[in-house]
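Have the structure open as you read.

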Amino acid sequence: MDMHALFGRTLPELTELMAGLGQKPYRARQVFEALYKQRVGSVEDITTLPHEFRDRLIAEGWRVELPEIAQTATSVDGTERYLMRMADGETVETVWMPDGDGGERGDGSEAAEEESSEVVGAEDAVSGGYWSRRGNGRDRSNFGTLAEQGFRRATICISSQVGCAVNCQFCLTAKLGIKRNLTAGEIAGQVAAVLNRHKIQIGKDRINLVFMGMGEPFLNYEQFMQSVRVLAEGIGIPESRMTVSTSGILPGIEAFAKETLRPKLALSLNASNDIVRERVMPITRKWNIAALLEAVQKIPLRTREWVTFEYVLLGGVNDQPEHAREVLALLDGMRAKVNLIVWNPGPGIDYHQPSPEDVAVFQKMLINGGIATYIRRPRGRDIYAACGQLKRTVAEEKPQLVAIAAAV
Ligand code: SF4
C-alpha cells in the first residue's frame, strides 16, 4: 500500500494519523467526511481543513488517491466497463450495471425485493435479447441522477486483485495469473470513482455492490474486509446491499462466518460433483464441495438472509438433468438460492453455451425440487463486461480492447 494514500483508511486509523501530525481528533472526522461523504478527489478539495494544513499534507506527500478511470466501454444495455488505473499504473476493471443483473433476486434482502418483478427467461439469457431491447434508445449523454437516467438502482461490480490465481477454466481473468492484491483503498476507491462519474447520491440513489470482478476476494481477505468497512461506515452503502462471491476458499469462508459486519455470501459452485468441479475449477482439489458446504452452513445467517450459489451453465458439461438432481441433493435443507448464469463466451476458452431448452429444464428441476432458482441477466456482453469475460484491457493504446474477467 502507498503509505501516503488517505482513501481506504477507517476513522480510527485517520484519528491515529491526525494525532501523529499533532492534530485534534475532529480533524480526522473532517477528513473522513470529505473522503467518503463528499468523495473528494484531492487533499486540496478538503476545504474543511485550514489552508496551511492542506498545504502541509500535500508537501508531506499525502494524497487521496482514488483510482483513475482510464477507459470506458458502454454497452447497448447501459452497462459500462471501466479500466481503472491505480497509482502504480496497474489496472483492473470495474463494471456499472444500471438496474443490476438480477443477482440479488430471492436472497431475502431489500435489493431482492426491488428485483422481484423482473424475470429473465432461458431464451433471453442465452441470446441476451431482453437487455438489448431494454437498453436501446436511451440517451446517456448527460449523466444525472439514476432516476433521471431512467433507472431505479444500479449495481457496481468491483475487482479485488490484479488478475487472479484461482484458474477457473471458464474465466478470462484466470488467463492473467495473479499480479498483486489491491489495497482496501483501491477496492473501495473503484466504487467512489464510479459514484462520482454518475453523480450518485447515497441515500437517494440505490446502489448494490458485488465483489465479483477480477480476483478472489477471500485470497485478499484483510483488505477486502477493510474495504467493506469503508464502504459501509464511510460511503454509507449498507452491508445488506453488498454480495461477495468466492470460488471456495475454505479459510476465508471460516473467517467470514465470524464477522459481525459482512456482505452476503455467494459461493461459486458451478458443478454438481467434485469430478466435474475439479475439471472446471481445479481449486476443488484443495477444498471439495462437501467441505465448502459444511463451512457455509456454519455462517450465522441474518433474518431473511439466504446464501446464493452461483452456477455457470456450460453446455454439455454441467447442465444436464442428472446435474440438476445432484445440485438438489447437495443443497437439501440449506437456506439457499441458486443463480444460473449462462456462460458468456470468451476468446481462447473452450466451452460452449447451453441450449435455452437445457437452461429451462435445469431451472425448472431446481424450482420443482424446492430451491429458488433464478437466471442472471447477461449484462454488457457486447463490451466483454459479462460474468467470466473480464480480462482486463490488454493494450491501452487499442481502445477496442479485450476486457476483464469476473468472479461469478
Ligand atoms: S471466476 Fe473468479 S476466482 Fe475464478 S479465476 Fe475468475 S476471477 Fe478468479
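## Val-191 and its neighbours

Leaving aside residues up to four places away in sequence, Val-191 touches Ile-156, Ile-158, Leu-209, Leu-231 and Ile-235. This is a predicted model, so please read every contact here as a feature of that prediction.

Domain 1 (11-59) and domain 2 (68-383) each supply at least three residues to the core.

## The chain as a whole

Stepping back, the protein chain holds 13 helices and twelve strands. Of its 408 residues, 53% are buried. Taking the contacts between residues at least 6 apart in sequence, 71% join residues at least 24 apart.

How confident is the prediction? The average pLDDT of the chain is 87, and 83% of the residues score at least 70. In residues 130-137 the pLDDT is below 50, and this stretch has 15 contacts in the model beyond near neighbours in sequence. Residues 393-408 also have a pLDDT below 50, and that stretch has 62 such contacts.

Now look at helix α2 (residues 25-37) and helix α8 (residues 221-235). Their axes are 9 Å apart, and the two helices pack at an angle of about 100°. Angles of 65 to 115 degrees count as roughly perpendicular, and α2 and α8 are therefore roughly perpendicular to each other.

Which residues meet where these helices pack? From α2 come Phe-32, Leu-35 and Tyr-36, and from α8 come Val-230, Gly-234 and Ile-235. Ile-235 is also one of the residues that Val-191 touches.

## Tyr-82 in strand β2

Tyr-82 sits in strand β2, which covers residues 80-85. Is Tyr-82 buried or exposed? It has 27 C-beta neighbours inside 10 Å, so Tyr-82 counts as buried.

Not counting residues up to four places away in sequence, Tyr-82 touches Ile-69, Gln-71, Thr-72, Glu-93, Thr-94 and Val-194. The C-alpha atoms of Tyr-82 and Glu-68 are 9.4 Å apart, with the two residues 14 apart in sequence.

Arg-304 belongs to the loop between α11 (289-297) and β10 (307-313). It has 13 C-beta neighbours inside 10 Å, and therefore counts as partly exposed.

How many residues separate Arg-304 from Gly-108 in sequence? The answer is 196, while their C-alpha atoms are 4.9 Å apart in space.

## Two loop residues with positive phi

Glu-65 is not a glycine, but its phi is positive, near 65°. Glu-65 lies in the loop between α3 (51-59) and β1 (68-74). With 22 C-beta neighbours inside 10 Å, Glu-65 counts as buried.

Asn-270, in the loop between β9 (264-268) and α10 (274-280), likewise has a positive phi, about 65°, although it is not a glycine. Asn-270 is buried because 26 other C-beta atoms lie within 10 Å.

Methods:
Residues are numbered from 1 along each chain as its sequence is written. This is a predicted model: local features need pLDDT of at least 70, side-chain atom pairs count only at pLDDT 80 or more; totals for chains, interfaces and linings use all residues. pLDDT is the predictor's confidence in each residue, from 0 to 100. Two residues are in contact if their C-beta atoms, placed from the backbone, lie within 7 Å. Domain bounds come from an automatic or database domain assignment. Helices (H or I, at least four residues) and strands (E, at least two) are DSSP runs, numbered from the N terminus. A residue is buried if 20 or more other C-beta atoms lie within 10 Å of its own, exposed if 12 or fewer, and partly exposed in between; C-beta atoms are placed from the backbone. Axes are lines fitted to C-alpha atoms, for helices over the stretch in contact, and angles run from 0 to 180 degrees between N-to-C directions. Angles under 35 degrees count as roughly parallel, over 145 as roughly antiparallel, 65 to 115 as roughly perpendicular and the rest as oblique.
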